[in-house]
Amino acid sequence: MPGSRHKILSHVFSGFSEKMGRTKVLDIGTQAIETPLKRCLTTFDITLLGIGHMVGAGIYVLIGTVAKEMAGPAIILSFMLAGAASMLAALCYAEFGTRIPKAGSAYVYTYVSVGEFWAFVIGWNIILEHMIGAASVARAWSGFFDSMFDNVIRNTTISVLGELHETLFGKYPDVFAFVVCLLHACILGVGVKTSSYMNSFLTLVNLGVMTVIVAAGFYYGNSDNWSSDGGFIPFGTTGIITGAATCFYAYVGFDSIATSGEEAKDPAYSIPVATIIAMSVVCTGYVLVSGALTFLVPYWAIVPDAAFPAAFAGLDLNWIKYLVSVGALCGMTTTLFGSLYSLPRCIYAMADDGLVFKFLAKVNKKTQIPIINLAISAFLCALIALFFDLEKLVEFMSIGTLLAYTIVSASVIILRYRPTNRGLVRDSSSLLELPTSQADSFEMDMGGRLKPSYKFLEPFLGDFEPGYIVCVSIGWFTSSTVILCVYIQYWFNIQHVSWIDGIVLTALGSDLLLCQFLIEAHEQNSTELPFMVPHVPLIPSLSIVCNIVLMTNLNLLTWIRFFIWMAIGLLIYFLYGIHHSKENDVTSYSVLLSSSEAGKTPWGTINKSRKRVKTEDDRKPIIDNEELADNETQIKNGRIRQLRGKKVNIFKP
């Protein structure tokens, strides 16, 4: 008995690292089509979903603070830099949305390419991102609406419930933000198509208000505001970069486009088109609106909390002031819609894979949305909005986004240099069922192999599995980038460069170039997609560098909060997810039972079936030697003559 217990425990804990590194396997031709969600969103719907998610609180809350305290009129350049960095990640998301049209966004992409553990880390942080995003926008929506009525709601709440005196919470419980969050969730619960109509209408209204702001700002503005009091760049280059790091978070909503993969009518076309159009429109809008604000009033006279209303009120343009208020409410509503739309889809994808609790994957048959999931996630967002202040919420939502962007960019490179169908078929039988042309292409695909011009590396790299060197190189590239950014951030001083700095920077720079050289030395696979990121591996590598640079600028408190959140998530993964994953080994605990008993008898029970009668078949070998030899001969000849009643050729003769 002790020996059996030891075998059972050794089986349970064996291959733990393999379980963490297993990738999600897709069935060719099925998972891209079959889904319990409703495919009803057009390219136009998805584009406005992305625009609405990005153009909201950023326009009416972020611009005033960055322009006055960080960049001045050069906020235009800050938004351009942030938009360029975001576009690099957006292109990677667009390719994955074409390749894997599934709900879950970066979580699913990571699961397919990198592995289960990192997929859970990304998914868990995306949940945090959208929860904090929804709660912060609900808090901003409440505060902006309340300011239009001289803070009547806040004063009434304080008089009835009192104030919160804990430093971790806001000044008072924002009951109105709690109600706003739940009301938006109820609208989303009606159905995705109905809510998309409302989102599209409000987004168009917001874009119209932005057009009026730009036209009025440049019409009533003064060019002297760009040249006096420090000029166009009053805070120098450092101010532009600092402003870009802050403005970057105005673009984080584009992943809601990728989340709609299972509800898009034509995801292979809609997702990349919607991503590129939405990013272009949003970046152009941010540049023009921020330019109009600094052209209208001097940067030092901007009121951060109400930049546009105060600017137009100072010029006695009250009709534009009220129009801006309407646009702000519409913009923050669509941003809240975007966060509450993406959050349950990500949880649904993780629950459907078994990494979080399975009941969260249930889809309502009538509305075809995960209604239980939506209710729970919306209530949690409302609860956060009730107690926490806006400033404390915004500080916490950036790190998960940047980590997701980094992993997705790395995943694009990994899948480009992986043999075409690896990870797309569940087992060898699936491969045998492919048409002959596809099976031949699977064999002849050169993805992950050395290019002919780099054959001199064959003695060093030729023995590795195709794609392995690329995976190691991109991992080493990411690690070297982290070390380089941390070193420059905390130890490097441009005014006092020492010989140690020269050695460290040269070594790390050489590492980055070597990794790029090794990746470039390999062939990409022959996969053809409607949209593919150009200039791979250069563009995804630049995206990785930009994201890591921004991550190293986060403060220590943000990292502490991140590790606390991750500790909670890892408890769920190691106690539940790793054992209930769909990709878990089907043998599980039933290795001690026969295949027929394993499917019928719970592990640990006693089989009380009647005694088995021995027959002559018991003396026969499990595998017939003659049949095995015949099969080996057929394989050597390059042909399997009979399988499942079909004649299928998977090798060239």
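Modeller: Buried means under 20% relative accessible area. The model is predicted.

Biologist: Is phenylalanine 117 buried or exposed?

Modeller: Phenylalanine 117 has a relative accessible area of 17%, so it is buried. Phenylalanine 574 is partly exposed, at 28%.

Biologist: How is a pair of aromatic rings described?

Modeller: By the distance of the centres and the angle of the planes. There are 32 aromatic pairs in the structure. In one of them, phenylalanine 117 and phenylalanine 574 are tilted, with 6.3 Å centre to centre and 35 degrees between the planes. Phenylalanine 117 belongs to helix 7 (residues 116-147) and phenylalanine 574 to helix 25 (residues 556-580), so the pair ties together parts 457 residues apart in sequence. Tyrosine 487 and tryptophan 491 also form a tilted pair, at 6.1 Å centre to centre and 35 degrees between the planes. Here tyrosine 487 is buried at 13%, whereas tryptophan 491 is exposed at 58%.

Biologist: Which residues do ring pairs link into a cluster?

Modeller: The cluster consists of Phe117, Trp118, Phe120, Trp124, Trp565, Tyr573 and Phe574.

Biologist: How are two packed helices described?

Modeller: By the angle between their axes and the distance between the axes. Helix 5 (residues 75-99) packs on helix 6 (residues 106-113) at about 70 degrees, with the axes 10 Å apart. That angle makes helix 5 roughly perpendicular to helix 6.

Biologist: Which residues of helix 5 and helix 6 meet?

Modeller: Tyr93, Phe96 and Gly97 of helix 5 meet Ala106, Tyr109 and Ser113 of helix 6. Of the residues in this contact, four are nonpolar, two polar and none charged.

Technical notes. Residues are numbered from 1 along each chain as its sequence is written. This is a predicted model: local features need pLDDT of at least 70, side-chain atom pairs count only at pLDDT 80 or more; totals for chains, interfaces and linings use all residues. Side-chain values use heavy atoms; hydrogens and water are left out. Axes are lines fitted to C-alpha atoms, for helices over the stretch in contact, and angles run from 0 to 180 degrees between N-to-C directions. Helices (H or I, at least four residues) and strands (E, at least two) are DSSP runs, numbered from the N terminus. Angles under 35 degrees count as roughly parallel, over 145 as roughly antiparallel, 65 to 115 as roughly perpendicular and the rest as oblique. Contact means heavy atoms within 4.5 Å. Ala, Val, Leu, Ile, Met, Phe, Trp, Tyr, Cys and Pro count as nonpolar, Asp, Glu, Lys and Arg as charged, and the others, Gly among them, as polar. Rings of Phe, Tyr and Trp (its six-membered ring) pair if their centres lie within 6.5 Å; planes under 30 degrees apart count as stacked, over 60 as edge-to-face and the rest as tilted. Buried means under 20% relative accessible area, exposed over 50%, partly exposed in between (1.4 Å probe, protein chains only).
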